[in-house]
Amino acid sequence: MGGLVARAVVEDPRLCAGTVDQLIMVGPPTHGSELARVAVGTDLWEHWLDRSSGSPWHRTRDSITDGLGEAARDLTPGSKFLVELNKRPRNARVRYTLILGSKAAVTDQQMEWLRRRLCGALSSIGARDSAGRLDNCLRQFDEVVDGKGDGVVAIGRARLEGVDDVVTLPFGHLEIVEDDATGPALDAQNVIVERLKTSS
């Protein structure tokens, strides 16, 4: 969400004083996240299921400080906030970089299995309309599918028109901020440092 807030400032002439020349966004939900439709579930997924570090206290604390879903309305795909933000042109004085993660907890095969089982169960009790709606909903959940999202933000919904500097690495949404980042998360941190050095 920080990337969206930063864009809202640098792309608004009333708010941007012209002192920003670079914006690096990591996993921004540019076009929203399907997980926002289940807002509190997003925080639980992010801090409990899609995270390998931290004690139960740290995970609970982080879930609460992350907001417990208050921003869900704005982060839902097609929201008024996102539609208005994405209509804005890029700030020509700002160099944009997107760093996107592709590591998520569910494989394509697991998602397919889940869809078939849940929709089949609903159909078997005569709730075919509900099964169809659920199937359509689950087909949109690229956020949680490995290779398609970072566990919270889908790669396809993170892209931003007019931004060509896009780096995709196999890290999860929260891995990038961990103090002991290794592998792709550390690689992503290094990309940030490289971009900052080139702007100096």
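The buried residues of helix α6 pack against α7 (128-139) in this predicted model. Buried means under 20% relative accessible area and exposed means over 50%, with a 1.4 Å probe and protein chains only. Helices are DSSP runs of H or I, at least four residues long, and strands are E runs of at least two, numbered from the N terminus. The buried residues of α6 are M111, R115 and C119. They lie on the same side of α6, because they cover an arc of only 45° around the axis; the arc is that of the directions from the helix axis to the C-beta atoms. An α-helix has 3.6 residues a turn, so residues three or four places apart point the same way. The face turned away carries the exposed residues Q109, R116, R117 and S124. Just after α6, G126 takes a positive phi of about 85°.

The largest nonpolar core has 14 residues. Such a core joins buried Ala, Val, Leu, Ile, Met, Phe, Trp, Tyr and Cys residues through side-chain atoms within 4.5 Å. β1 (22-26), β2 (95-101) and α8 (155-158) each supply at least two residues of this core. β2 gives the most, with 3 residues. Y96 is among the residues with the most contacts inside the core. Not counting residues up to four places away in sequence, Y96 touches R7, V10, E11, L23, M25, R90, N91, L160, V163 and D165. Contact means heavy atoms within 4.5 Å.

Residues are numbered from 1 along each chain as its sequence is written. Local features need pLDDT of at least 70, side-chain atom pairs count only at pLDDT 80 or more, totals for chains, interfaces and linings use all residues, and side-chain values use heavy atoms, with hydrogens and water left out.
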